[in-house]
Amino acid sequence: MTLTLTLREAPAAPVRAEALRPDRLAGLSRSEIERLDVWHGNRPAAAGDLFDVSGAGEPDVRVEGDLTRVAALGTGMAGGRLTIAGDAGPHLGAGMQDGEILVEGDAGDWAGAEMGGGRLVVRGSAGRRLGGAYVGERAGMRGGEIVVHGDAGEEAGAGLRRGLIAVAGRAGPAAGLSALAGTIVVFGALGAHPGAGMRRASIVAMTATALLPTYVRACTYQPPFLRLCLRRLRALGLPVTAEQIDGRYTRWSGDTVELRRAEILTLEPPR
Amino acid sequence: MRLHDVEVEDTFAEAFPMWGARIVVTAATPTWAMNAGRSLTGFATSVIGCKCEAGIERELDAAETPDGRPGISVLLFAPDREGLGKRLVERIGQTVLTCPTTVCFNGLEADTEVDVGGKLRFFGDGWQASKVLAGRRYWRIPVMEGEFLVEERFGIVKGVGGGNLIILAEQVATALGAAEAAAAAMRPVEGAILPFPGGIARSGSKVGSRYSGQIASTNHVLCPTLRGQVDDSQVPNGVGSVFEIVIDGLGEEPVRAAMRAGLDAAARAGALRITAGNYGGNLGPHHFHLKELVP
């Protein structure tokens, strides 16, 4: 059975709801859930002040209502399943360690920021710094998978250390900014300056992309790892084509202002 | 007891614990996957001289493999965990890493694992890179062809080594025909391999020798040519040739299933008598009684 939290009305001030994560709600009674602390603007509030609660104690949680001003849902969650029925506010699933979050609409900025594991699926688009690092932190996402069926904003995967970010649509400027490792796959247009300052990570681009002059062409080949990666993304529901799986990719090594151990793989047109 | 009018001796095969791993190798074509598999399983007939035993379990369709390319599945066995880890690193490093277009995957989910890709990565001389996908770590090793991909950790399980059938017939051709039929019937059993050439050994051995330093020697009691020379010969009158089929499996059940299939096939294909090898039951904990395998 699913535990459902329904936001009664769009809040007057932003709400920060870090307590609303499936692993924390599991085992709690309805009244205990209603008493959980949230922040409404700069004032403490109880979850029951803002949400109607139906069901109880389930690790499968569904949150409904206009949630664009509700931040930090699923933050740090270590298991369970969280479904956002519509759009989600910022910091969704930031620091999550395990479990799955499904957003049926769009996700705000910082979705999956510094997450360590689990899976975040966004049916719509995601905002800035998807899976990114917070200001002052070197490492962003440290594990797990992020799948965005729409577009992603600026600096997706900034500081990425490990894990997989896939964007079916376009990615904004500076994807993979200063990424340490991990993989970013972008099926639509890739914004300006991809991989700026990247150290060991991989960016895979399915469209023709203008690269920084600090990336050097190596060769065109079929990376064995990419077959696995793309088949995995197909299994996760992205429309990956056989041409992309079997395709030849040009490897660009960089960023030469950094370690020069990162790569941007760009799909070559069929011969 | 008799099976299809063939005498089946009321005895048992005595087998030993061995640690086993399953290696999945894919390649651009089935031919290259098979080339890798043949090299990987070469010189791996018996732990007596090869430190491990290995065989091709089966060919894999592209739909069955992790990367959607044709492949093969190989089983490799060694007496202990440490030895199995070493053999995996040596053999994958020398025969799969070197083979054009191949990728190497762990084919066994198990609680116990050994590090393989994490050791082979050093061939990359610092240019190697790792990727984690769905909880599994892979190593990308740059090579002259392009890139070799190998999974870091391989699952290993306590398996069974040394299941066997011994097939006796009037002459080499009939004995070999029966053994070939048995091997063909045993090969489809998943989780088991026949490590000897073509699955068949002509030189079954006994433990020890009259010569010091020789840890195994010819099984003289089953050598037809010695029937007139040794007092304890077990070669019946009229038998001119004997073959042994050794079976290693990831558990008792695959070994049992293979022996059952082989027993039936050999009995239909010209064997005069079928028996099995043991050491009195005191050395190996796995006993496969032939009477339990006869339908």
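Predicted model: local features only at pLDDT ≥ 70, side-chain atom pairs only at ≥ 80, totals over all residues.
Residues are numbered from 1 along each chain as its sequence is written, while chains are lettered from A and ligands numbered from 1 in the order in which they are written. For the complex, the predictor gives an ipTM of 0.95 and a pTM of 0.95.

**Interface.** I counted as in contact two residues whose C-beta atoms, placed from the backbone, lie within 7 Å, and the contact takes 14 residues from chain B and 13 residues from chain A. On the side of chain B that touches chain A, strand 8 (129–133), strand 9 (136–142) and strand 10 (147–151) of chain B each supply at least two residues, and the largest share, 4 residues, comes from strand 8 of chain B. Here I take strands as DSSP runs of E, at least two residues, and helices as runs of H or I, at least four residues, numbered from the N terminus.

**Strands of chain A.** I then followed strand 16 (residues 249–254) of chain A, which runs antiparallel to strand 15 (residues 216–221) of chain A and is joined to it by 5 bridges; two strands pair if DSSP finds at least two bridges between them. The bridge partner of A:Val216 in strand 16 of chain A is A:Ser253. Strand 16 of chain A also pairs with strand 17 (residues 262–267) of chain A, in the antiparallel sense and over 6 bridges, with A:Leu267 as the bridge partner of A:Tyr249.

**B:Pro17.** I found B:Pro17 in strand 3 (residues 12–26) of chain B. Why does B:Pro17 count as partly exposed? The reason is that B:Pro17 has 16 C-beta neighbours inside 10 Å, whereas a buried residue has 20 or more other C-beta atoms within 10 Å of its own and an exposed one 12 or fewer, with C-beta atoms placed from the backbone. Leaving aside neighbours within four places in sequence, B:Pro17 is in contact with B:Lys158, B:Val160 and B:Pro285. I also noted that B:Pro17 and B:Gly284, 267 residues apart in sequence, are 7.6 Å apart in space, C-alpha to C-alpha.
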